[in-house]
Amino acid sequence: MAAGAKSFLADAGYGEQELDANSALMELDKGLRSGKLGEQCEAVVRFPRLFQKYPFPILINSAFLKLADVFRVGNNFLRLCVLKVTQQSEKHLEKILNVDEFVKRVFSVIHSNDPVARAITLRMLGSMASIIPERKNAHHSIRQSLDSHDNVEVEAAIFAAANFSAQSKDFAGGICNKISEMIQGLATPVDLKLKLIPILQHMHHDASLASSSRQLLQQLVTSYPSTKMVIVTLHTFTLLAASSLVDIPKQIQLLLQYLKNDPRKAVKRLAIQDLKLLANKTPHTWSRENIQALCECALQTPYDSLKLGMLSVLSTLSGTIAIKQYFSIAPGTTATTARSFDLVKLAQECCYHNNRGIAAHGVRVLTNISASCQEKDLLALEQDAVFGLESLLVLCSQDSSPGAQATLKIALTCMVKLAKCRPHLSQSVVESLLTQLHSAQDAARILMCHCLAAIAMQLPVLGDGMLGDLMDLYKVIGRSATDKQQELLVSLATVIFVASQKALSSEVKNVIKQQLENVSNGWTAYRIARQASRMGNHDMARELYQSLLTQVASEHFYFWLNSLKEFSHAEQCLTGLQEEDYSSALSCIAESLKSYHKGIASLTAASTPLNPLSFQCGFVKLRIDLLQAFSQLICTCNSLKTSPPPAIATTIAMTSGNDLQRCGRISTQMKLSMEEFRNLATRYGDLYQSSFDADSATLRNVELQQQSCLLISHAVEALILDPESASFQEYTSSGAAHVESEYERRMLSVFNHVLEEVESLNRKYAPVSYLAIPLSFQRYFFQKLQSTSIKLALSPSPRNPAEPIAVQNNQQLALKVEGVVQHGSKPGLFRKIQSVCLNVSSTLQSKSGQDYKIPIDNMTNEMEQRVEPHNDYFSTQFLLNLAILGTHNITVESSVKDLNGIVWKTGPKTTIFVKSLEDPYSQQVRLQQQQGQPPSQQQQQQQRTAYSRF
């Protein structure tokens, strides 16, 4: 196992100067044994970094046992350091193998005469509650310490009681009455009661316990009406309801009651905060009456701070199912009662409020109503929402304070949502944004450009007529080289690229390049080039990449930029393709392929062991193969002119019974071409499955490439190979889905055009209109926002990777597979891992020994298990049957399943060699047989029976 952990560490790519796990642990152990307190403390606080680096049980178990020894014999300051390390490393606690020994060493301090030492021990036990939830001696110590006369110890006991209550049903049931007595007891000081009450939030393990806790809290909230007690009790009430789920509607009513009737602002604020928590967690439990009551409170309150809080709750609810419940008409009531739309009245009133936050929430409510309730005639509401957004835009774009920027973000998010749900409003929204861009502050301009680009990506609302305004603005900005100006140059360039759907004019390119030469740094130029590649403006991107080649310090960066320049040039070659001119199409594709091959060579040179650029290489190789497949298809079509079918083709077709032989050799070539496109579609599917960390736009782009390959293979089949059976029904609905970008819109229009022409059978040539659409290099090609990797450790593991592990053939190999899921800075940004699928397979590499018959099921092992990682760690075991003598190659491959049930082939794949040896008894019997006379029939029968048992 130690060797397994060690081999994992060797593969992790930490560099040779780093210590391996054992050396690092010995280094820290030396510090722990030091006679100087400072060195001991330094060694203790360095343990969390060690756990993060080497997260396997063998090391963590040893490290925690050493820390437990320090806790047992050290002074209180060292104990406090160990406690902090334990709390920081909570997710590694379950990897402790010798839990009993660890707890025994820590627990021995509970009998100390020093109350501070006992308090630290109680906090230590509380921090370990997840691994020792049912330890009765720990339960008993906590109960005893609650009766202590030392405040520090009692507070530590309360902390431990809260942690154990959350983990253990038995402890929660046993301690509930004691907590109740202490809270209601006259001898307990008020500040201690305030600390005891929050323990009741964990009493949700069964219905009766939750019910008795609610009754106690109900008594407390009426018996102790002081502000602090009411606030703590109500909040505990809410958390208990949110965990037990059954009493949430009652809790919402109780909070609304306090919000309406209690005159204290602190209580009202707490009620609003808890209502927001319940609105986020369970919006479906809010009835129409609840929302109506909240609207009435908001309309009546004279305080802006409270109105802001209530509107925040309402804006949260307006984006959920609750809004549809509010507007649904109950059976037996009139169509609209007098106050049925108080929410609308409140939102309209708040849209123009002098408090920016209130106005923003009012506008968000109107936007969400317009987006959610599309079946209603809400024309007036839509106009109110647009006018409110425009006024908020004017107000916030002139102000560069952080508050104004936060409000502006809310308004711009609402604009994007409104334009997406109500496309007829997008033109007026875009015009107001463009008008306001000229007078806005730089910080606001950046956000407004992002908003314009987001709207224009969804809908083609930025025409060439608006390009003039944008170019004028581009000339004006960028007179200084501040960070905001650099950001603005990138944002505005993105909007210009989106606005000019076709190739950029030379005038536009000159303006952008002039500005970049004046004030920008290399990084800004690279970001603009990257945006140009994403939007398909490859001519501009190529020039910018060319200018940056000499400005980088590393050869890897040079090769990366050079590859991007070549790819942009390759795509630029394809923009001149004409639908009818197939002779020039071949030369365009050949020129493009030449640049692509140069680019892939540079891209390979840019990759490093830590950054292998596997997605980029895979994507570009597929593009190269796609272009080659198109070139081959056009050549095949042209060959019908140069090599028509022979005169006897009809006779051959009749003789062979294959009607396609009438067409001559072109039928075979077309079949090969169709299979090539199908194979490309499969490879695009594999690339999609291996891109777990990619953003949705990148995945959609890969999917579009896959669909184009499938469509061409179906078109070939329908026109030439099998016109009767080819069906296009599965492709006709592809345009119905919501289009996310201009590239996707143009691809889908070509798909539909090809389908129409193939169905009417009026074209016999390969549709090169796909290639004329500039390829979009999406975000994941340049930038990885989410990073997820899995590291595996196998046990047993050989000391030397080339050496096989020896196992006797009459025994089965127990293979333990452990793994750690490692994340980047933004874990779970696009998708999260639900479970890890481990596939173990063994193949016989070289056979040795007897030729006796072995049942076929003993020849191979193919097993799969799914394990759910807990705190990013998982472990499972496989039992492998290696009855055949010889060397077996055992491969463990991991893939992951996300929360939507989609399986992703993330890897890694680990291989070990196992040598299956003959067991000594069989070997002895065989040697005796070889030395003596030939064995009788009976002995042979016994030998076979012995083997068949295993």
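Modeller: Phe77 is found in helix 6 (residues 76–88). Bear in mind that this is a predicted model.

Biologist: Why is Phe77 called partly exposed?

Modeller: Its relative accessibility is 45%. Buried means under 20% and exposed over 50%. Phe77 falls in between, so it counts as partly exposed.

Biologist: What makes Leu37, Phe77 and Leu80 a nonpolar patch on the surface?

Modeller: Patch residues need over 30% relative accessible area, and nonpolar side chains are joined within 5 Å. Phe77, at 45%, clears that area cut-off. Together the three residues have about 250 Å² of accessible area.

Biologist: Why is Thr887 called buried?

Modeller: Thr887 has a relative accessible area of 16%. The cut-off is under 20%, so Thr887 is buried. Thr887 lies in strand 7 (residues 886–898). Leaving aside neighbours within four places in sequence, its contacts include Thr843, Phe913 and Lys915.

Biologist: How do you know that the rings of Phe692 and Trp904 are edge-to-face?

Modeller: A search of the whole structure finds 22 aromatic pairs. For Phe692 and Trp904, the ring centres are 5.9 Å apart and the planes are at 80 degrees. Pairing needs centres within 6.5 Å, and edge-to-face needs planes over 60 degrees apart. Both conditions hold, so the pair is edge-to-face.

Biologist: Where in the chain do the two residues lie?

Modeller: Phe692 is in the loop between helix 35 (665–689) and helix 36 (696–721), and Trp904 is in strand 8 (residues 903–904). They are 212 residues apart.

Biologist: Are Phe692 and Trp904 buried or exposed?

Modeller: Phe692 is at 3% and Trp904 at 2%. The limit is under 20%, so both are buried.

Terms used:
Residues numbered from 1 in each chain as written. Predicted model: local features only at pLDDT ≥ 70, side-chain atom pairs only at ≥ 80, totals over all residues. Heavy atoms only, no water. Helix = DSSP H or I, 4+ residues; strand = E, 2+ residues; numbered from the N terminus. Buried < 20%, exposed > 50% of the residue type's maximum accessible area, 1.4 Å probe, protein only. Contact = heavy atoms within 4.5 Å. Patch = residues over 30% accessible without salt bridge, like charges linked within 9 Å, V, L, I, M, F, W, Y side chains within 5 Å. Areas by Shrake-Rupley, 256 points an atom, 1.4 Å probe, with all protein chains shown as cover. Salt bridge = Lys/Arg side-chain N within 4 Å of Asp/Glu carboxyl O. Phe/Tyr/Trp six-rings, centres within 6.5 Å; stacked < 30°, edge-to-face > 60°.
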